Amino acid sequence: MKKIVTLFLVIMMVFGAMGVFAGGGKDSGAAAKGQVYFLNFKPEQDAAYKAIAQEYTKATGIPVKVVTAAAGTYETQLKSEMAKRDAPTVFQINGPVGYASWKAYCLDLKDTELYRQLSDKGLAVSEGGGVYGIPFAVEGYGIIYNKAIFDKYFALAGAKAKSMQEINNFAKLKAVVEDMTAKKAQLGIKGVFASTSLAKGEDWRWQTHLANVPLYYEFRDNKVDLGNPGATAEIKFQYAPNFKNLFDLYLNNSVTDKRLLGSKSVSDSMAEFALGECAMVQNGNWAYGDISKTSGNVVTPANVGFLPLYTGMPGEEKQGICIGTENFLCVNSKASAADQKASLDFFTWLYTSTEGKAHVTKDLGFIAPFSSFGENEKPTDPLGRAVMSWASASGISNVPWNFTVFPSQTFKDNFGQNLLQYAQGSMDWATVVSRTISDWKTEKANAAR
């Protein structure tokens with residue numbers, strides 16, 4: 001009996017060990033396969049990214065999780081997620097400033113297929129021979145307009161212009177806008193511009209995108225070396241009056257009273273434009289999905305166009321829209337080797353395979369800066385096509401995205417809240433300007449520590 005019991009125990013131990021090893025083999029295989037956790041910066045692409053991730057997982061078996069930060073909260077959420085055990089394997093930075101904050105987590109990508117496919121290697125975030133951030137979309141923004149409403153205005157007696165081609169500087173834009181406001185009942189609109197969204201986290205179109213224009217001219221005219229961090233330690237905000245020109249035009253000719261703008265979001269603005277309640281809205285080519293998918297949308301693709309952000313600068317008749325990027329993909333250097341590989345494989349598939357490139361062009365609406373994209377793989381939406389048209393326009397100087405050197409999200413948030421107080425009448429413009437200059441200097445100094 002003792003021998004039988006002993007033999008039974010030995011058999012149980014052997015089968016138990018086999019079970020452990022089998023289970024271990026399975027877990028090891030899963031670990032070796034890796035997974036992807038992408039923390040996405042762009043809320044407007046959330047649904048598209050998740051659908052793409054689901055398709056990829058179904059085809060490959062590689063788990064792909066997409067989490068999208070709410071507008072204006074990306075940096076905060078990234079800090080929170082990176083502190084967790086299952087941190088993002090792929091994340092985004094906004095350029096050199098973002099890299100300075102997250103360089104300890106950025107894997108060197110210089111030997112990756114994704115970097116090899118990058119058309120202009122100078123666009124990447126690099127340091128000391130390494131490549132730590134790869135741009136994945138060239139985008140453009142300006143004033144989106146509804147051609148049908150403008151054609152209706154141009155046909156009115158006494159119109160201040162007869163075509164969009166005549167509107168090529170701030171003086172002409174202001175004259176047309178104020179005349180359209182006076183005739184908004186005839187045009188069937190509630191305001192010329194969509195609501196100036198100034199709710200917290202919804203103000204990036206002004207504290208970042210609009211601010212880019214006067215600061216671009218300041219950096220250009222003062223020959224500031226943007227590659228030298230010390231050169232942008234302070235700003236003069238010398239073209240603040242130009243910022244105010246266009247910002248006031250938005251506030252005073254809007255669908256919504258300027259005292260009520262603290263509750264307005266970007267989605268509110270885009271819905272107003274899509275429903276034909278206004279003739280113009282400041283935003284980028286990424287917003288076409290918001291327009292086309294709005295229930296009750298009345299704006300046809302043929303009636304969507306871009307106008308530059310005219311602010312009254314000398315020679316702006318030759319100024320184009322703002323074209324560039326602030327979104328750079330980074331792979332978490334602290335993730336496992338399997339997860340790093342899985343992450344790179346996913347994005348390489350997205351930007352080099354036939355199926356992936358179709359998603360980039362049609363679903364994400366990106367103008368991809370990779371040589372893997374042929375002429376027939378460019379965006380088909382009207383705003384994407386408009387960006388490419390402005391980019392190749394003869395005699396036009398488009399405005400680069402210099403807000404990659406802005407000090408921090410705190411600077412942007414403070415600026416946005418100051419603009420809200422100005423709109424509501426509780427802060428004068430001189431105070432907005434002085435605080436902007438002071439906050440820039442403070443935040444740049446904090447970042448340098």
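How many of the residues in the protein are buried? Buried residues make up 52% of the 449 residues, where buried means under 20% relative accessible area, exposed over 50% and partly exposed in between (1.4 Å probe, protein chains only).

1. Basis of the note. This is a predicted model, in which local features need pLDDT of at least 70 and side-chain atom pairs count only at pLDDT 80 or more, while totals for chains, interfaces and linings use all residues. Residues are numbered from 1 along each chain as its sequence is written, and side-chain values use heavy atoms, with hydrogens and water left out.

2. Overall layout. The protein has 17 helices and 11 strands; helices (H or I, at least four residues) and strands (E, at least two) are DSSP runs, numbered from the N terminus. The C-alpha trace spans about 110 × 50 × 40 Å along its principal axes. Of the contacts (heavy atoms within 4.5 Å) between residues at least 6 apart in sequence, 73% join residues at least 24 apart.

3. Helix α15. In this helix (residues 382-391), the buried residues are Pro382, Leu383, Gly384, Ala386, Val387 and Trp390. They pack against the strands β6 (139-146), β7 (280-284), β8 (304-307), β9 (319-324) and β11 (397-399), and against α12 (288-292). At the start of α15, a side-chain oxygen of Asp381 comes to within 3.1 Å of the backbone nitrogen of Leu383.

4. Helices α16 and α17. The axes of α16 and α17 (residues 429-448) are 10 Å apart, at an angle of about 175°. Axes are lines fitted to C-alpha atoms, for helices over the stretch in contact, and angles run from 0 to 180 degrees between N-to-C directions. α16 is therefore roughly antiparallel to α17; angles under 35 degrees count as roughly parallel, over 145 as roughly antiparallel, 65 to 115 as roughly perpendicular and the rest as oblique. Residues of α16 in this contact include Phe411, Phe415 and Leu419, and those of α17 include Trp429, Val432 and Trp440. The contact divides into 7 nonpolar, 4 polar and 3 charged residues. Here Ala, Val, Leu, Ile, Met, Phe, Trp, Tyr, Cys and Pro count as nonpolar, Asp, Glu, Lys and Arg as charged, and the others, Gly among them, as polar.

5. Helices α10 and α16. α10 (residues 240-252) packs on α16 (residues 409-424) at an angle of about 55°, with the axes 12 Å apart. α10 is therefore oblique to α16. Phe243, Lys244, Phe247, Asp248 and Leu251 of α10 meet Phe415, Leu419, Tyr422 and Ala423 of α16. By class, the residues of this contact are 7 nonpolar, no polar and 2 charged.

6. Helices α6 and α7. The angle between α6 (residues 147-154) and α7 (residues 170-182) is about 85°, and their axes are 11 Å apart. The two helices are therefore roughly perpendicular to each other. Ile149, Phe150 and Tyr153 in α6 meet Val176, Asp179 and Met180 in α7, a contact of 5 nonpolar, no polar and 1 charged residues.

7. Glu81. This residue is found in helix α3 (residues 74-82). Glu81 counts as buried because its relative accessibility is 10%. The side chains of Glu81 and Tyr37 are joined by a polar contact of 2.5 Å; a polar contact is a pair of N or O atoms within 3.5 Å, and within protein one must be able to donate a hydrogen and the other to accept it, with residues adjacent in sequence counting only if both atoms are side-chain atoms. Leaving aside neighbours within four places in sequence, Glu81 is in contact with Tyr37, Leu39, Ala87 and Pro88.

8. Ala185. Ala185 lies in helix α8 (residues 184-187) and is exposed, with a relative accessible area of 73%.
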